[in-house]
Amino acid sequence: MTVFASVQAPSEEGYLSTIRSIRETVGRTPLAHIETVNDTRIFAKLEYFNPFSHSVKDRTAAYMLTGPLEKREVDPGRDTIWIEASSGNLGIAYGKIGRLLGLKTMVVAPSIVGDVTFRRIRSTTTFSEITPGGYCPRGERDGAIKKVMDTWVSQPEKFVWRDQYSNEDNITAHEETTGPEIWKQTKGRITTLVAATGTGGTIIGCGLYLKEQDPRIEIVGVQPQVKHHIQGVRNYEESLKPLLLTQNEDLIDEWIEIDDKEAFDATKLLWRKGFPVGTSSGLNYVASRKIARRRRGTEVVTLFPDAFTNSFKIMQNYLTTGRIEDSKTEETKTQPL
Ligand SMILES: Cc1ncc(COP(=O)(O)O)c(C=O)c1O
């Protein structure tokens, strides 16, 4: 069992041991065999086993927060606020891990996140705020990212903005943890990785590691439809591609697009099979089945990126009315600076 050293550990050694404990606690998630289609086995990395946000974003948050502290680039004792834009999971992980490290965090989320997710963000971060915005903002020009950028620019000495959309630590987290775990858990038998993208950190980090082990491994990116309702993922016709993706574009062999209804139906099926996942897992699952049907006798690995919590309301509504629609966020701001 992991033991966290004193949160506000006064000693250097205590602080480094907290950093190590956080890194050790995140990741090492199970790989589950979901089904066999066309003689191809489909496996999923169950990222909801991550302890802080119950999502893959624990990995990114852990690396983005501990990286500069470990390298002594930021003094943990300073009265700095670590600010980030997030549609949910990264914000929750940032807040919780930040607390363990004795840091102040501020997360700005788009209004699309809904009450449940905002409450989760609010309860973990030091400051939180909602700005108008959808699932696919156009980069720094609108919504939460613009708000974060403006806040940081106005007082750069007060805020640390690591920017998950362009930060190398986001890729490193997956290159050093998720990728090697998949390689080890499949005993090197993986032929295809199928993954939806938000910042691109997961697919690029895993892709870099896996292609280095075996360049024949295919990397398939999954996109939701235009005007989709799936938290954490993006369609790049609507949304600007993040830097992490544009800089590593050639790593992705193919893109596949899935519509919301297919993803929501697949999420329901996964619930029936006993996987308490969010709608992006349904998205990845449908895409993996489509790829498996085209690749006989291969071994497909995907991710179930998060738990059902953030998607529960929209799924509940879908299951009772058959309609896919967002619920409103009533609160807009807490603890203003
Ligand atoms: C809920 C959620 N968060 C994040 C991601 C992907 O993260 P990223 O591309 O930012 O690594 C996914 C991808 O499916 C997701 O479903």
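In this predicted model, six strands make up an open sheet of mixed pairing, ordered S1-S2-S10-S7-S8-S9, where strands are DSSP runs of E of at least two residues and helices are runs of H or I of at least four, both numbered from the N terminus, and where two strands pair if DSSP finds at least two bridges between them. The edges are taken by strand S1 (31–37) and strand S9 (254–258), each of which has a single partner strand, so one side of each is left without a neighbour in the sheet. From one strand to the next, the twist averages 25°. Residues are numbered from 1 along each chain as its sequence is written. Local features need pLDDT of at least 70 and side-chain atom pairs count only at pLDDT 80 or more, whereas totals for chains, interfaces and linings use all residues.

Within the sheet, strand S7 (residues 192–196) pairs with strand S8 (residues 218–224) in the parallel sense over five bridges, and Thr-192 stands opposite Glu-218 in S8. Helix H7 (residues 201–213) lies across S7, S8 and strand S10 (299–304) and runs at about 165° to S7; axes are lines fitted to C-alpha atoms, for helices over the stretch in contact, and angles run from 0 to 180 degrees between N-to-C directions.

The protein chain is divided into domain 1 (23–50 + 168–319) and domain 2 (57–161), with bounds that come from an automatic or database domain assignment. The centres of the two domains, taken over C-alpha atoms, are separated by 24 Å. Contact between them involves 27 residues of domain 1 and 19 residues of domain 2, two residues being in contact if their C-beta atoms, placed from the backbone, lie within 7 Å. On the side of domain 1 that touches domain 2, helix H6 (168–185) and helix H11 (312–321) each supply at least two residues, and the largest share, seven residues, comes from H6.

Helix H6 also packs against helix H2 (residues 57–70) at an angle of about 120°, with the axes 8 Å apart. Among the residues that make this contact are Arg-59, Tyr-63 and Gly-67 of H2 and Asp-169, His-174 and Thr-178 of H6.

The ligand is surrounded by 18 residues, of which the closest are Gly-198, Thr-202, Gly-232, Ser-280 and Pro-305; a residue is near a molecule or strand if its C-beta atom, placed from the backbone, lies within 6 Å of it.
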